[in-house]
Amino acid sequence: MVDFNSQISIMVKSMLNLETLWKLSKFTPNEQQRDAILYVDGPLCITAGPGSGRTRVLLCRTLNLIVFHGVKPEEIFLSTFTEKAAHQLKEGLRGLLDYATNINGQPYDLSKMYIGTVHSLCRRILNDRRKFLQDFHVSPTPNLMDELSQYFHVSRTKTWRKLVSVLNLDEDTDPHLIINSIFGVQKMSKHSAVTNCIAFFNRCSEECIDPLEAISMLKASDDEFDTYLQSNSLEKDALVQAFSLYNAYRESLIQSEKLRNTDFSLLQQDAYRVLLEGEDTGNVFKHVIIDEYQDTNTIQEKIFFQLAKGHKHICVVGDDDQALYRFRGATVENFVDFPSRCQKYLKTEPKRISLSTNYRSRKKIVDFYTNFMTYANWRRNSGDGGFYRFMDKDIHANKPDDGISIVASTPSSPANVCSEIAQLVKDLIDQGKVEDPNQIAFLYPSLKATHVETMRNALERLGLRVYAPRAGRFLEVDESYDVFGVFALIFGLPEIQGGWGGDYGEFGDWLRQTEINAKQLLKEDPALKQFVADKRAEIETACSDSQALMRVADRENWSLTEPYDLRQMKRKVYSAPGLSETGRKLLGSAYLDRTVERRATEGRPFPLDYILKRVTSLDWSVLDLFYRLTGFTHFKAMFDLAQSGEDEGPICNLSLITQYLARFVDEFLPVLTADLLVEGVFHKVFYFSFLFSIYRLGESEYEDAEDPFPKGRIPFLTVHQSKGLEFPVVVLGNPRRRLHPAGFIEKAIFPFCENENSEPLSRQAEFDSMRMFYVALSRAQNLMIVAHYKGRGQSTNEPFKTLLDDSFPRIPELDLVTVPSFSSKENDLPKMYSYTADYLTYKKCPRQYMIFRKYGFVPSRAQTMFFGSLIHRTLEDLHHEIIRRREEVSNGS
Amino acid sequence: MEANWKDNEIQDFIRQAYQQNFDLLRLESGISLTPEVKRAGLLQVLFYWQKMRDVALNVSETEVRLSLPQQESPKEREFGIEGVVDIVREGGKTIIYDIKTHDGDYVRSHIDQYEDQLNVYAHIWKELQKQPLDGTAVICTDFPDDVKEALTSGNEAQLERALDRWDPLIEIAFDRRKVKDTIHSFGEVVDQIEDREFEPRSVEELRGSYTDRSNVSFGTHVCRNCDARFSCAAYRVYVRHGRGRADQIFENYYNDLEVGEPLEEWRTTGLDSVGDVEGMI
């Protein structure tokens, strides 16, 4: 009998095959790449060296699954390290699938494919009630706090007191000092105590440590355990305290039976629980694909293997030599030990493929960093041998060009080294070896080192401009000074008992400086001055109204909690002596009367207190206030600069300010009422709970997702920031990193982790340092420059010390003629534009498009967008339900 | 089969899904809706079920993404167009529906715009993907003024009559000649976006009316709801040519927040969502 379907599929395949698609997407895979793309049965472990075409392979492999193996997009789970990487993969996949559709007429819908970071996919699992059959009423989706919200949550008095109380401290001891000392830090700062706690909590969550179990293990500890504690100079009491804090934190997340908060680390545990409790969750996805596997952690490994339990098609891609995120809980062992983990979880061996041809860098660069890694001893201590690294990768360059492509500076003092490098950089730019200064990157282990400033000055002396997004705090950009300065003039600065010392010292200086800057702005713009005066007057009126109304309540002996009685109370409060016109208007509003009556008939009448707050509330939120400021010359000019295309810097920073202010409106005070302004509560919340947190967390300046580095500027980055990027020219600005022994957190959790074949604590610092430099050295395409410092107070780490010997090429020996000129290739993925969100929005108003769609400003009253999505999602749900019921009927009959 | 579509069951389903989506979106976006707006949204979906039941019951694919890759703009940029529609196949006929939360009046006064959009979708479906197509239509879920009035008055009979008169479905004719022009115009917009042409609409356009049937201007309907208006050169001119003394205008210009009920509703929502203030410190 002839199978019709297979006939059809053979016919289609003859018209459409992978080769056609490769040709269309201008890609010719090498042998290993081809193997990786075509291997689709069972577990697969791909080690992908730097610049070895990992993304292409992932794309084509997924394409192969969908088009030629009939795997539906919604049967694929693909996890990436960043949202940006997920976005690029998805766009690339869409492009390739569109080609396929045009040949075989078969449409592919990627919207149901699970593609994103682990965190976003975990969130999706929790929300996906269709796939994972959860009863939403039994287990409501928890509210996710991001890093900033988590900090807000822990540091607010209510939570913090709860945490401190479990330590049973004497009243006269300083809790911040005690908590910091648990983590081995001698500081009085609350901020430091909060961040130490959060770091510890997150690590515990990622390792799935149950705090109560840990405490009882500690209390029942045996000799072996005690020896571990002693040899790592850990106090048992400190550990018990740390886990008690963690336990109290977890309890603080539960607000009620139905309302629960979660953080990025616990979110993964939540998702894992759904997978364990659900039926057949190991068969939901036919293929589980994980990119950057070297940077995954323990809980993520559990999730991935649970998802792959049924079909066993798990494909992991990564490079153990580029593992960078131990401090966030990543365990490179997940990857290096993947073969035996597969045995453990799936009872089968993975196939191993090594993508070893480097298409990025010139040969000498590849040779250098490959050789670099052999200078550490990666052999395991344990009896069965083996290594803490994949040793058989055979990384080699594709480019045959054997000219000098890695040089070191002449060994000298920082001042000399920096000027020598700065001059070389200027020559490279002047001679057209790069198209723009932003193609030369300076990489540092940390941007706080003094060498960074020296280098920056050397470049600036030659007229070159630098862009260093992680070197400063976001609130220290000019636009933040301007906006928050005007806010300070309108609301007034907070008073603080005992002055601005300790934790608040620098923050206080910053606040006062914003005020000074803003006063200057007011001098230059009388209209702005008038505006500030008007807003102050509005606040004063609201405050005096509030007091006038309180006097009436006092006089009448009303309790603030008693229900507001329209007949008895309205007339009396309305004629309160000194009540302003505005206050009267608000009290007399017909809308208010209607609402009051409705609430009374519903049996939940407004208390008097509510009415007093309501009629003395301001018309605007802090975000509204921001948008009003943008009408004044100084701020309007920033929009004009972006509109004319001269400079995008200021508008990007303003956009970020709207995102922060929107968080204040959402998470703190959507409406400003006079009682909060009179009693200084607003100031405490706005300046200390909100702005101070942002100040201390020092988040970065805006980074544009598509083109991260502004044209005309030389980027200064941490090695971590450079992960996944490549540059024609790279300068390693500091080949030295102090090796810190394992800290309290690593030591404290070690005995409670599963620790299968894990790297010993004593070796971790060295391994991490090797890997970090490996990442830095493998970013360069045409030229790699290493700063070599020598002299008093200068030293160089091994293996640089040995490698940068007398025969190593130095800057004076480099003939610039031999350095190829870089020209950027056309972006190979064409952009998709949405008919409604791009085309129609632009046609409605190009400027509105620019501000909200291109630069991502948060609108102050964004009901329309929310409303549209709400209706569309509900209609989609309705349609799905109807389709489901229809299928039920047809299956039944 | 009818047994599977008990009206009250579906209505319950809608209410439940609406509330769940509301909760999720609120968590995702941090934005909320005033109770009035939230109620109106639910009614839009319930009325959709009431008025468009035949369409809803026959939806065969929902949220289908259509894409038109490999286009070239006048300035030779490669780009693609994408959109999302619902597909209904019934009795051998296939129809593409685009559901909009706009009101019918607006759609009818800008019918060209909707024709262009659906013609591009039809082109992708029919000519690129070679799938059969018998028609395209827009469904407007925002109900017309007489339904709103009937809802406010609470008069059941009046509501029934108003609902009967209302036709949310607007059929769009397929005209392949226009597709080329639309794609060309789309390409021009792509060039304008990439070339960073972000001038606001002209003052004349701001003064022009928003729909054919009403005398509300674009400036009032669109700009008044746009936070970018304060820094917008066109809107400044538009506002300053009003009546009254210059300084008075200036003052009003910076104070032109919502007034009346929308402002009161904003207060209600805001005060409802203020949490425990002491706990924030």
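Reader: As what does B:L271 count, given its C-beta neighbours inside 10 Å?

Author: This is a predicted model, in which local features need pLDDT of at least 70 and side-chain atom pairs count only at pLDDT 80 or more, while totals for chains, interfaces and linings use all residues. Residues are numbered from 1 along each chain as its sequence is written, and chains are lettered from A and ligands numbered from 1 in the order in which they are written. A residue is buried with 20 or more other C-beta atoms (placed from the backbone) within 10 Å of its own, exposed with 12 or fewer, and partly exposed in between. B:L271 has 16 such neighbours inside 10 Å, so this residue counts as partly exposed.

Reader: Which residues does B:L271 touch, leaving aside those up to four places away in sequence?

Author: B:L271 sits in helix α13 (residues 260–273) of chain B; helices (H or I, at least four residues) and strands (E, at least two) are DSSP runs numbered from the N terminus. Contact requires C-beta atoms, placed from the backbone, within 7 Å. By this test B:L271 touches A:Y610, A:K613, A:R614 and A:V671.

Reader: Which helix gives the largest share of the side of chain B that touches chain A?

Author: The contact involves 80 residues of chain B and 89 residues of chain A. The largest share of the chain B side, 11 residues, is supplied by helix α1 (residues 7–29) of chain B.

Reader: How many nonpolar residues does the side of chain B that touches chain A have?

Author: Ala, Val, Leu, Ile, Met, Phe, Trp, Tyr, Cys and Pro count as nonpolar, Asp, Glu, Lys and Arg as charged, and the others, Gly among them, as polar. On that scheme this side has 14 charged and 21 polar residues, while the number of nonpolar residues is 45.

Reader: How is α5(B) oriented to α8(B)?

Author: Helix α5 (residues 111–128) and helix α8 (residues 176–194), both of chain B, pack with axes 9 Å apart and at an angle of about 105°. The axes are lines fitted to C-alpha atoms over the stretch in contact, and angles between N-to-C directions run from 0 to 180 degrees. Under 35 degrees counts as roughly parallel, over 145 as roughly antiparallel, 65 to 115 as roughly perpendicular and the rest as oblique. The angle therefore makes α5(B), relative to α8(B), roughly perpendicular.

Reader: What is the radius of gyration of chain A?

Author: Chain A has 38 helices and 17 strands. For its 893 residues the globule rule gives 29 Å, the rule being 2.2 Å times the number of residues to the power 0.38, with the radius taken over C-alpha atoms.

Reader: How far apart are the C-alpha centres of domain 3 and domain 4 of chain A?

Author: An automatic or database domain assignment sets the bounds, and domain 3 of chain A covers 396–471 + 703–818, whereas domain 4 covers 475–697. The distance between their C-alpha centres is 47 Å.

Reader: Is A:P526 buried or exposed?

Author: A:P526 belongs to helix α23 (residues 526–556) of chain A. The C-alpha atom of A:P526 lies 10.0 Å from that of A:F632, 106 residues apart along the chain. With 9 other C-beta atoms within 10 Å, A:P526 is exposed.

How values were computed
Contact = placed C-beta atoms within 7 Å.
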